[in-house]
Amino acid sequence: IDPALLLPGERERGITKGRYLQQRDSQSSSATLGLRIEGISRPDGATFESRGGFKRLRSEEDISRALAFFVGGNAAAHDAFAAALARLHASLRASSWFAAREVVSSSLLFVYDEADCTGGSARVRMIDFAKTQHLPDGPTLTHDARWEAGNHEDGYLVGLDTLRTLWEALPVGGFSG
């Protein structure tokens, strides 16, 4: 990803997958904000311009610009997504299923009908559970602590809380992309 991040000897013998993932996360908002945007598609064909692509967005402003671009000034969709994120947060906090599972590399999928002026079509769904692991007889996870070797915490709610904060502060229609 970035040769300058290699430790002595890694150029010759390679790096572990864990080190690769740490490097990848350090180049995006994953390490600092607990979330990363993988992509945005809009039906009008407009594209979001970012140096290095979505995976290089690092700051709160970068993420906010991308999110505002996604809703394209549709205030109803913005409000519906804010409400959906709040419901998801409350559901996850109350879920015994969630407390017993390490959720790694899961994503949130946001969809809405651009022509919908009421926001009724806006949906947020958790997807990508291939690396989700049940912890039988294991600890109950809070999901609001960052991962450290052996703790099984995934920081899922760290990222969701950051996303909710950024979403609620979005200047809808204030960014053109």
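## Burial and overall build

Of the 177 residues in the protein, 37% are buried. The model is a predicted one. Its C-alpha atoms fill a box of roughly 55 × 40 × 25 Å, taken along the principal axes.

Seven helices and four strands make up the secondary structure. Along the sequence, the pattern reads α-α-α-α-α-α-β-β-β-β-α. Residues 24 or more positions apart account for 62% of them.

## Where α4 meets α7

Helix α4 covers residues 60-71, and helix α7 covers residues 156-168. The two axes come within 10 Å. They cross at roughly 65 degrees, and the crossing is right-handed.

Which residues meet here? On the α4 side they are Glu60, Ile63, Ser64, Leu67, Phe70 and Val71. On the α7 side they are Leu163, Leu166 and Trp167. Sorted by class, this contact has seven nonpolar residues, one polar residue and one charged residue.

## Gly159, a buried glycine in α7

Helix α7 also holds Gly159. Is Gly159 buried or exposed? Its relative accessibility is 5%. Buried means under 20%, so Gly159 counts as buried.

What does Gly159 touch? Leaving out residues up to four places away in sequence, Gly159 touches Leu33, Gly34 and Leu35. His143 is 16 residues from Gly159 along the chain. The C-alpha atoms of Gly159 and His143 are separated by 9.5 Å.

## The largest pocket

How much space lies in the largest pocket? The volume is about 1,800 Å³. The pocket is lined by 45 residues. Closest to its centre are Ser30, Gly34, Arg36, Ser105 and Ser106. Gly34 is also one of the residues that Gly159 touches.

Several elements give two or more residues to the lining: α2 (17-26), α3 (30-33), α4, β2 (107-111) and α7. Helix α2 gives the most, with seven residues. By class, the lining has 21 nonpolar, eleven polar and 13 charged residues.

Key: Residues are numbered from 1 along each chain as its sequence is written. This is a predicted model: local features need pLDDT of at least 70, side-chain atom pairs count only at pLDDT 80 or more; totals for chains, interfaces and linings use all residues. Side-chain values use heavy atoms; hydrogens and water are left out. Axes are lines fitted to C-alpha atoms, for helices over the stretch in contact, and angles run from 0 to 180 degrees between N-to-C directions. A crossing is left-handed if the near helix is turned anticlockwise from the far one by less than a right angle, and right-handed if clockwise. Contact means heavy atoms within 4.5 Å. Ala, Val, Leu, Ile, Met, Phe, Trp, Tyr, Cys and Pro count as nonpolar, Asp, Glu, Lys and Arg as charged, and the others, Gly among them, as polar. On a 1 Å grid over the protein atoms alone, a cavity is a set of points where a 1.4 Å probe fits but cannot get out, and a pocket is an open set with protein on both sides within 12 Å along at least five of seven lines; lining residues have an atom within 4 Å of a point. Grid points are joined across faces, edges and corners, and a volume is the space filled by probe spheres set on the points. Buried means under 20% relative accessible area, exposed over 50%, partly exposed in between (1.4 Å probe, protein chains only).
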